Amino acid sequence: MSGAATGIAGTSRYDHDRDGLADVLARVADRTGTSLPSYRVDQLWQGMYRDLVAPEDLTTLPKAIRPELAAALPAALVEDTRSVGDAGQTVKWLFRLSDGSLVETVLMHYDQRSTVCVSTQAGCAMACGFCATGQMGFDRHLTTGEIVEQVVRAQVEAGDRRVSNVVFMGMGEPLANYDRTWAAVQRLHGDLGLSARHLTVSTVGIVPGIRRLAAEALPVNLAVSLHAADDELRDELVPINRRYPLEALAEACAEHVATTGRRLSFEWALIHDVNDRLQDAARLADYARPLGAHVNLIPLNPTPGWPTRGSSPERVRAFAAEVSARGGNATVRRTRGTDIDAACGQLRADRAGGGNAGAVAVAPPRGKLRPG
Ligand code: SAH
């Protein structure tokens, strides 16, 4: 049932915290002429946030109100496709939202932890040419409930393995959808019980958003998709750099580190002959060192709309060694999900074999990035 049909347009079950659920229950009680003691709120909250059960299946609640409750608290996500990769350690979903938009979510199991990578927008307006989501363009913001429900679905799938970490590194730019993303962070922390030190918001570098993040009472980790440490190249790779150039970005990052004490990391997709030269490593080290940032090096994953290729393992090793030699702190990220197009930058809303996002013509970048 759509949100509109319930009279609570646009909201879904995980848009509500405990107080919100109390309001929903009060309305349902009114409509059904049932009297609902306050412990019913606890049962509903417990069922949704601790036991991860759909409201309609909550047998602790009176049968008479369950259909009304289910209508007032619709699910936001319908599974369209589910792919399993890395011998079962990576699961990717394509979820359909109530308006038909498609988003992707990835669950990754590691020895010591399980991490969910969530989307915050359907598509993305940031237009980074090497990213499959950037190539498809912007569709719409996700609601808080749509973001939180991705984590719930992943935890249900994970079963006994607890989802300990959430990274806002799926489709979309979290800081361009700040309020809903932040409400999701609070819901994950306050209601689902995830530790703030295990929540990481990733951004292309929207400076005002980073400053807002720095001022929040709840300190989360910040990841910045850097990819270049000189403005000329970064203007090309990450177009938002034209508005928020590297110096302003560094200041905002420093503020985040100072006020939150949380870990700052830089993502760097290594692109052959574009940003994987030793001079790029030197610039990166000089940029990251004063900020105490950890650098995650990711050999560029292939996407349909980008003509360049990822760096060879030898060049990745040489680059990492150069960053370290210059006092930087870099590790090569173990790529997950490439076999199911679930790796960094490969998320795009189309269905395996039947999609059309890959057909979108993306003009090859000008200047340095032209291959050959
Ligand atoms: N918009 C936010 C959240 C997305 S995170 C951000 O950019 O930080 C997705 C990460 O994958 C980003 O670091 C992005 O730069 C990186 N990425 C995009 N395309 C990639 C590709 N083809 N190969 C490797 N990493 C890529």
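Guide: Alanine 269 has isoleucine 298 in S11 as its bridge partner. The two strands involved, S10 (residues 264-270) and S11 (residues 294-299), pair in the parallel sense over six bridges. Strands here are DSSP runs of E with at least two residues, helices are runs of H or I with at least four, and both are numbered from the N terminus; two strands pair if DSSP finds at least two bridges between them.

This is a predicted model, in which local features need pLDDT of at least 70 and side-chain atom pairs count only at pLDDT 80 or more, while totals for chains, interfaces and linings use all residues. Residues are numbered from 1 along each chain as its sequence is written, and side-chain values use heavy atoms, with hydrogens and water left out.

Ten strands form an open sheet with mixed pairing, in the order S1-S2-S3-S4-S7-S8-S9-S10-S11-S12. Its edges are strand S1 (78-85) and strand S12 (329-332), each of which pairs on one side only.

As for confidence, the protein averages a pLDDT (the predictor's confidence in each residue, from 0 to 100) of 91, and 91% of the residues score at least 70. Over residues 1-9, pLDDT stays under 50, and over residues 352-368 pLDDT also stays under 50. Where pLDDT is low, the predicted coordinates should not be read in detail.

Notes:
Contact means heavy atoms within 4.5 Å.
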